Amino acid sequence: MRRFWYAKYAVTLLASTALTFHLLYSTTHVKIDKEDIFPIAIERPSESRTSFSFTKSSSYLRRKLSQGVLGTPHSLAIPPRWTVLPGNITVHEGDEPIPVDISFEISAENLCEDYDMSRKMLLIFVASSADHFSQRKVIRETWGLKLLQHAYNYRIVFLLGKGSKTSQPLIEHEGYRYGDLVQMNLTESFRNLGRKSVAGLLWSKNFCSRADFVLKTDDDILVHVPNLLKALEGARNSDSLLMCHENRMRKILRKELLDRTDLPSSYHKYEVSRNELPGQYYPPYCSGMAYVFTSSVRDRLLDASMTTPIFFIEDVYLTGFCRHKAGIVIKPHSGITLRPPINFLQASCSFRDGRITSQEVGADELQLMWVELNTQGFFCPQLLGFANQRKDSDSSKDNEISSL
């Protein structure tokens with residue numbers, strides 16, 4: 001019996017040895033270095049380089065690596081850690097570091113060197129698309145005039161993704177001429193907006209850390225900077241300030257909900273599958289068209305983003321998930337709003353009572369609104385009455401035309 005056991009052991013040992021040599025010298029041998037696959041931007045203790053050897057095809061490896069299944073050391077396996085709180089509110093509670101891959105092609109590193117240090121300093125970063133040349137031009141000619149920036153001690157920087165082969169030379173020339181462009185190594189898409197705003201926080205901390213306040217806005221918004229500065233002067237607990245319009249739309253949009261409701265087609269880009277997020281509601285968050293915060297809040301949001309998986313809906317991600325993790329409380333402000341829409345004929349009066357932002361407007365409308373905003377000598381109630389009469393007259397003409 002003992003001889004039989006020894007024979008069985010010897011056969012098993014020989015088979016294992018043969019299989020090992022076959023795997024080591026197979027023609028499909030692929031060697032993958034873990035530091036090439038998992039670039040970790042966050043500092044880690046020095047450790048010896050480790051290589052992983054596999055005998056599967058390259059396509060198989062890429063698929064498994066993208067799924068986080070094969071060749072991932074245990075210390076790098078990051079659980080999702082999405083949690084559903086009472087009330088079906090989804091938050092993220094994980095604290096494992098998440099790799100960050102953000103670099104700047106154009107960095108505008110000298111933008112904040114000439115602040116007046118004796119006054120409060122404001123940085124405004126404007127989320128723009130690479131091909132939105134006209135929008136950036138109009139902002140520079142209106143509420144972003146250099147003269148105004150120095151008078152009110154604020155600076156504007158535009159955040160862009162990658163340009164096309166034809167637009168990239170124009171972007172580089174624009175950045176050289178105005179010195180206010182920051183271009184990141186990401187493709188322009190709706191799904192990358194969350195990453196773009198994180199890059200804005202990172203750039204702010206690295207190149208404009210002296211700014212007391214930071215405002216994030218979009219390139220289709222007119223910002224009334226004097227009203228914004230007045231609101232910041234009157235804010236309490238300014239060290240932990242996050243001021244914005246708190247978004248009422250907090251329900252996570254699922255496919256079945258979009259299919260059975262008459263929501264506009266533009267809402268379909270906000271569709272979120274249950275594989276991405278559990279629960280039914282986002283935590284309270286700011287409308288992404290404009291929100292302002294202190295430098296200390298910037299740092300806390302940035303730290304929270306280092307352990308929170310990027311989510312494509314930018315305002316939900318930064319001012320919802322990251323804000324909740326950082327323990328920051330939203331301070332609503334009635335002047336940061338899209339409604340009621342401002343007719344450009346009403347612009348000189350609409351900002352009189354502290355309104356800070358316009359509705360979303362095109363480049364031409366923003367230019368007209370700025371001209372009217374700076375027109376003096378009108379009595380506002382009279383002007384508003386005239387604008388309403390003009391609007392009613394235009395509507396009646398449109399109805400007459402449509403009835404023909």
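Ala108 counts as buried, at 12% relative accessibility, where buried means under 20% relative accessible area, exposed over 50% and partly exposed in between (1.4 Å probe, protein chains only). Ala108 sits in the loop between β5 and β6, and its phi is near 45°, a positive value in a residue other than glycine. Helices (H or I, at least four residues) and strands (E, at least two) are DSSP runs here, numbered from the N terminus. The model is a predicted one, in which local features need pLDDT of at least 70, side-chain atom pairs count only at pLDDT 80 or more, and totals for chains, interfaces and linings use all residues. Residues are numbered from 1 along each chain as its sequence is written, and side-chain values use heavy atoms, with hydrogens and water left out.

Most residues other than glycine have a negative phi, and most peptide bonds are trans. Asn88 lies in the loop between β3 and β4 and, at 31% relative accessibility, counts as partly exposed. Strand β3 (residues 82–85) runs antiparallel to strand β4 (residues 89–92), and four bridges join them; two strands pair if DSSP finds at least two bridges between them. Trp82 has His92 in β4 as its bridge partner. The backbone has a further feature at Arg339 and Pro340, which are joined by a cis peptide bond with omega of about -5°. Pro340 belongs to the loop between β12 and α12 (347–350).

Overall, the chain holds 14 helices and twelve strands. Of its 404 residues, 42% are buried. Contact means heavy atoms within 4.5 Å, and of the contacts in the chain with a separation of 6 or more, 73% come from residues 24 or more positions apart.

Eight strands make up an open sheet, in the order β5-β8-β7-β6-β9-β11-β10-β12 and with mixed pairing. Its edge strands, each pairing on one side only, are β5 (104–106) and β12 (331–332). Within the sheet, strand β9 (residues 213–218) pairs with strand β11 (residues 286–294) in the antiparallel sense, over five bridges. Leu215 stands opposite Val292 in β11. Helix α7 packs on this sheet and touches β5, β6 (122–127), β7 (154–160), β8 (181–184), β9 and β11, with its direction at about 150° to that of β6. Axes are lines fitted to C-alpha atoms, for helices over the stretch in contact, and angles run from 0 to 180 degrees between N-to-C directions.

Phe125 is a handy spot for looking at this packing. Phe125 is in strand β6 and is buried, with a relative accessible area of 2%. Its contacts, not counting residues up to four places away in sequence, include Ser197, Gly200, Leu201, Leu215 and Phe293. The C-alpha atoms of Phe125 and Leu215 are separated by 6.3 Å, although the two residues are 90 apart along the chain.

Helix α7 (residues 193–207) has 15 residues and should span 21 Å at 1.5 Å a residue, which agrees with the 21 Å between its end C-alpha atoms; the expected span is 1.5 Å times one less than the number of residues. Among the buried residues of α7 are Gly194, Lys196, Val198 and Trp203. Helix α11 (residues 314–326) lies across β9, β10 (242–246) and β11, at about 45° to β11. The axes of α7 and α11 come within 7 Å and cross at roughly 50°, which makes α7 oblique to α11. Angles under 35 degrees count as roughly parallel, over 145 as roughly antiparallel, 65 to 115 as roughly perpendicular and the rest as oblique. Leu193, Gly194, Ser197, Val198 and Leu201 in α7 meet Glu314, Tyr317 and Leu318 in α11.

Helix α4 (residues 133–141) packs against helix α6 (residues 168–178) at an angle of about 10°, with the axes 12 Å apart, so α4 and α6 are roughly parallel. Phe133, Arg136 and Arg140 in α4 meet Leu170, Ile171, Glu174 and Tyr178 in α6.
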